[in-house]
Amino acid sequence: MSNLSKAKVKIIRLAANLIKESHHAVALTGAGISTPSGIPDFRSPGSGLWTRYPPMQVASLTVFRYDPEHFYEWLHPLALKLVNAKPNAAHLALVKLQSAGYLDTIITQNIDGLHTRAGSKDVLEVHGTMSTLTCIDCFKQVPAEGILQEYISHCTPPHCQDCGGILKPDVILYEEQLPVKTWIKAEETSRKCDLMIIIGTSLEVMPSAKLPVYALEHGARLIVLNRFETYIDVRAEVVIRDDVAEIVPRIAEMVLTS
Ligand SMILES: [Zn+2]
């Protein structure tokens, strides 16, 4: 860690110590952990992807039901990035922490499936996933593998092989409820943990933004690793505003080697 300032090494050590002292640590991750993998934030403008149609106007259940062609046309650049994305050093560092017993569960707001692809277990995808699709007529669920590639090549909405209905990615759109069972587990996990490591989320999307409060209410400590300020920073033991693909591996390394 020679290229890091002494102050930064000190705060990384502080974070590592909190992880080592914890018995039930959970990670809460957001878009910031996947931007180093080339995936823009699904819900925020600024990437240039959303200049034609703001996501609020297109990524909604209403648009999907009445104009699926429009929805799938809008999704195309994101889908292209998703199929080509690979887990980065931060995802892999969490796998190492989890394998070594320092991390129980990962609650993620991301739909990219990168935690699971990296090898993490017990991942709660509270905003759904692009890894599966469901037919809006017969509700058959199918893996996205193959179907997404086909859609990316032709840019036409995918159809159910059983009934011909349109397949919808299992991501939570605007106007849609969060997946109930997953959300209940995420709430329970947040209440039971003794450490929550918040990574790459500015905690602006409700209700996920409330999870750290549930953790705090039950005596957990917080680590916040995010490029930008969050509302919960003042309640955290450690706050590091930096590139998470750089910081998370450094913290994991210190946990696993010291
Ligand atoms: Zn069907």
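I start with the largest cavity, to whose lining α10 gives the most, with three residues. Helices (H or I, at least four residues) and strands (E, at least two) are DSSP runs, numbered from the N terminus. This is a predicted model, in which local features need pLDDT of at least 70, side-chain atom pairs count only at pLDDT 80 or more, and totals for chains, interfaces and linings use all residues. Residues are numbered from 1 along each chain as its sequence is written, and side-chain values use heavy atoms, with hydrogens and water left out.

About 40 Å³ of space lies in this largest cavity. On a 1 Å grid over the protein atoms alone, a cavity is a set of points where a 1.4 Å probe fits but cannot get out, and lining residues have an atom within 4 Å of a point. Grid points are joined across faces, edges and corners, and a volume is the space filled by probe spheres set on the points. The lining of the largest cavity includes Ile197, Ile199, Leu225 and Val248. Two or more lining residues come from each of α5 (89-99), β7 and α10 (244-257). By class, that lining has nine nonpolar, no polar and no charged residues, where Ala, Val, Leu, Ile, Met, Phe, Trp, Tyr, Cys and Pro count as nonpolar, Asp, Glu, Lys and Arg as charged, and the others, Gly among them, as polar.

Let me turn to strand β7 itself. Why is β7 (residues 195-199) described as largely enclosed by the rest of the structure? Five of its five residues are buried, so the strand is largely enclosed; buried means under 20% relative accessible area, exposed over 50%, partly exposed in between (1.4 Å probe, protein chains only). Leu195, Ile197 and Ile199 cover one side, Met196 and Ile198 the other.

β7 runs parallel to β1 (residues 25-29), joined by five bridges, and parallel to β8 (residues 221-225), again through five bridges. Two strands pair if DSSP finds at least two bridges between them. Ile199 stands opposite Thr29, and its bridge partner in β8 is Leu225. From β7 the chain crosses through helix α9 (residues 211-217) to β8, a right-handed β-α-β crossover: with the strands pointing away from the viewer, the path from the first strand over the helix to the second runs clockwise.

For the overall picture, the protein has ten helices and nine strands, and 52% of its 258 residues count as buried.

Conventions
1 Å grid on protein atoms, 1.4 Å probe; cavity = no way out; pocket = protein on both sides within 12 Å on 5 of 7 lines; lining within 4 Å.
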